[in-house]
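Please have the sequence and the model at hand while reading.

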Amino acid sequence: MAILKLLSEEVFDFSRGEMTQQKIKELKQSLNSEFQLIHELCLYVLSASQRTELIRATLSTLHAFLSWIPLGYIFESTLLETLLKFFPVPSYRNLTLQCLTEVAALNFGDYYNVQYVKMYDIFMVQLQTILPSITNLPEAFAQGTSEEQAFIQNLALFFTSFYKYHIRVLETAQENIAALLLGLEYLINISYVDDTEVFKVCLDYWNSLVLELFDAHHNMDNPAVTTNMMGLQVPLVPGMVDGLGSQLLQRRQLYAGTMSKLRMLMICRMAKPEEVLIVEDENGNIVRETMKDNDVLVQYKIMRETLIYLSHLDHEDTEKQMLKKLSKQLSGEDWTWNNLNTLCWAIGSISGSMMEEQENRFLVMVIRDLLNLCEITKGKDNKAVIASNIMYVVGQYPRFLRAHWKFLKTVVNKLFEFMHETHPGVQDMACDTFLKIVQKCKRKFVIVQVGENEPFVSELLSALATTVTDLEPHQIHTFYESVGHMIQAESDPHKRDEYLQRLMELPNQKWGEIIGQARQSVDFLKDQDVIRTVLNILQTNTSVASSLGTYFLSQISLIFLDMLNVYRMYSELISNTIAEGGPFASKTSYVKLLRSVKRETLKLIETFLDKAEDQPQIGKQFVPPMMDPVLGDYARNLPDARESEVLSLFATIINKYKAAMIDDVPRIFEAVFQCTLEMITKNFEDYPEHRLKFFSLLRAIATYCFPALILLSSQQLKLVMDSIIWAFRHTERNIAETGLNLLLEMLKNFQASEFCNQFYRTYFLSIEQEIFAVLTDTFHKPGFKLHVLVLQHLFCLVESGLLTEPLWDAATVPYPYPNNGVFVREYTIKLLSTSFPNMTAAEVTQFVNGLFESRNDLSTFKNHIRDFLVQSKEFSAQDNKDLYAEEAALQRERERQRMLSIPGLIAPNEIQDEMVDS
């Protein structure tokens, strides 16, 4: 028996991807014909033997065969009856249940429906004797032996498999409905079992059942879709739609009780969303979360989706259950941290699924109750849990807050209160929630609301110093960024500047003091605490610049030149320290601190220029003064002291000001090109940051300042081309992609320039050879889409007649080709034949001809290359999903569009709308 089981597994379970489909098929057929003997042997053992071990071995062998044997052996023999007979016997219970689950998961049309119903009925009768339906399953599971726990898990698998494929059969006949609902009741009780694996199995099924009920309900307006959903293959006749409507209603009514219990289950077991930072550790203390748990996030996503469908199926019931559970929290009869958490996470997760009035009514009650709860509950930990829940819920409902100023103001003041609460995680969450709310409601804070004397932002700025006294630096930065969003919503420039000035008063005052002292003695700036303060001030500025954009101009102009002086001074300090202390000096905390000031300076300038609207005068004002302190300094520094941010700053500047920067490109080249190349071409590992940013800068130049590249000497151009080839050979995905994109820009631009012939004569063959090298190397699969585009470009170009001079070297090739097309064809065939000695000349020639024929149709061209790769054996036994990345992306976009059509499925916070909150 054991040998037979291993044979089945060897052929069918472990062979995917190893054997060809053809071979598996032949083996299956020969086993199929032999199976009659195996079948007879198994049935004989099961009916005649008394030996427990032998019967167990036989059952597990059967389990291995059931998924693929001819159905007749299962349904037209006594096999099912025999299995059901063994089911009540404790020692065979689990194995039999596994066999029955295999049978339940078979799905071949309606031919054996009668047998399925009969099997289900007998099964349910026996189940009630083994495990009465009133059993408290979570408790039984917690106290059970491992056999009993396995039984409950197998039971979940059986029910979910059976319902997935055969629930329709049970619901169509009146006499089976009681048994069906009883089974669903069991499944709901099993879903409460405290075991992740068991819960995953149940949750996946609930999600698919609810989606099916919801889809039919959602598409009732569109009968053609609905008939498909119902699996009815009938032409539509006029009276039929009403019939369908009533059928759907009946189906919804049939499951209404189950759905209501399911809502309760989802509310009680809701997983933790990502925004919640305050958790209970294993010792029962409330602490700040340190690690994101991805399993929980995936589970939250599925549960959230399920609950939204459930909410759409019956808003009233959803609201009623949530409010009832909340009132039990207030009365103390149901109060635990976990109960409150899961309830609030569930409330937050259905944001956007209700109609606005209902949502308003519901939330007024929820927020009022939560604020009351916060007042009446004592104990620091309890308060922290309630605070975290209030913050999570309000952060999920921007639409409600925009419509209710009183609530919005109360909530924001409550957040300010939480900013003084030193319990781990509370302050972080308060600052994050404040930012989230301000982004969605910013207009509300800059207008004078009814019953107020001044806009909220003004009131906030007056009390700014006290509000942030207890916050850590990183929290203050988030706070400043939030206020930046508010100020950005103010349309009157005078007020805007006044608010900005008031906001920056504290950091500017400190900055003024430091610069004043530095003018008397430069050494003042070398003190570690002063350096930290400078860093902090710059970070605060960057935060505000990121939310204010162009309007940050008045503030950055104030500190810009002093900031460059500090940059230059710290840079010299770093170089001297490294020169004196050798390479290890660059690792000291002092040098790291100095460098972080330099980086933050560059980041601040880059953030501002990137966010500022297109105003060329801003570029003219800020770029020239940076040339020496930033670019000159980069060139002068030791490799270890060069900041990669210089490269990304200039890439941003060129992407922003485009051709206006052409005159500066030679200067940029001179400062960064040669010295950065020396750093990154020694190997593929050193200076990873510089690599990526260097190629991004090159790409910006190639895109917007191409004429500057044409002016390079041929040695310099060769360096550029070599560095591009170097980039796309990289196994580091981002660098290879940047290199390929840059190459495409260069190819297109040179094709359109007067140096077309010259350029391609020098580089065409080497580019083609290099691209084929990475295309056929399995480490470079992610670049497949771009490799194909480069090849398509080359083949189209060579056939277009734009190249008027021969690509071959007339001195070494005695035979004059009629044109470049013929030459490139032969060259490519030769290149591939030597690279793939295992392919015949005919195969290679056919491939190359195919490339030339399909060059104008990208998708045919791409499929042609894909087939060649798989055929070339290099890619045959591997995971080739990267070759299909584009198709997968399209599929994801379609799914997103579907989700957008159902209110609430994409949370209101994630929808990038220009908040109409006037």
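The model is predicted. Across the whole structure, a search finds 38 salt bridges. Side chains of opposite charge can pair when their charged atoms come close.

- Glutamate 359 and arginine 399 form a salt bridge, with 3.1 Å between the closest N and O atoms.
- This pair links distant parts of the chain, 40 residues apart: glutamate 359 lies in helix H17 (residues 356–376) and arginine 399 in helix H19 (residues 398–403).
- Glutamate 359 has a relative accessible area of 2% and is therefore buried, under the 20% cut-off.
- Arginine 399 is partly exposed, because its relative accessibility is 28%.

**Salt bridge between glutamate 770 and arginine 729**
- The closest N and O atoms of glutamate 770 and arginine 729 are 2.8 Å apart in their salt bridge.
- Here too the pair links distant parts of the chain, 41 residues apart, with glutamate 770 in helix H38 (residues 756–775) and arginine 729 in the loop between helix H36 (714–728) and helix H37 (733–751).
- Glutamate 770 counts as buried at 18% relative accessibility, whereas arginine 729, at 36%, counts as partly exposed.

**Further salt bridges**
- Lysine 526 pairs with aspartate 523 in a salt bridge whose closest N and O atoms are 3.2 Å apart.
- Lysine 526 is partly exposed, with a relative accessible area of 34%, while aspartate 523 counts as exposed at 51% relative accessibility.
- A network of salt bridges links Arg595, Lys598, Arg599, Asp633, Glu643, Glu645, Glu689 and Lys693.

**The bend in helix H38**
- Helix H38 bends by about 45° at tyrosine 763.
- The end C-alpha atoms of H38, a helix of 20 residues, are only 25 Å apart, short of the 28 Å that a straight helix would reach at 1.5 Å a residue.

**Packing of helices H11 and H14**
- Two packed helices are described by the angle between their axes and the distance between the axes.
- Helix H11 (residues 196–218) packs against helix H14 (residues 294–313) at an angle of about 35°, and their axes are 9 Å apart.
- The crossing of H11 past H14 is left-handed.
- Residues of H11 that make the contact include Phe199, Leu203, Trp206, Val210 and Phe214.
- On the H14 side, the contact residues include Ile302, Met303, Thr306, Tyr309 and Leu313.

Methods. Residues numbered from 1 in each chain as written. Predicted model: local features only at pLDDT ≥ 70, side-chain atom pairs only at ≥ 80, totals over all residues. Heavy atoms only, no water. Salt bridge = Lys/Arg side-chain N within 4 Å of Asp/Glu carboxyl O. Helix = DSSP H or I, 4+ residues; strand = E, 2+ residues; numbered from the N terminus. Buried < 20%, exposed > 50% of the residue type's maximum accessible area, 1.4 Å probe, protein only. Expected span 1.5 Å × (residues − 1). Bend = angle between axes of the 7 residues up to and from the residue. Axes fitted to C-alpha atoms, helices over the stretch in contact; angles between N-to-C directions. Left-handed = near helix turned anticlockwise from the far one by under 90°. Contact = heavy atoms within 4.5 Å.
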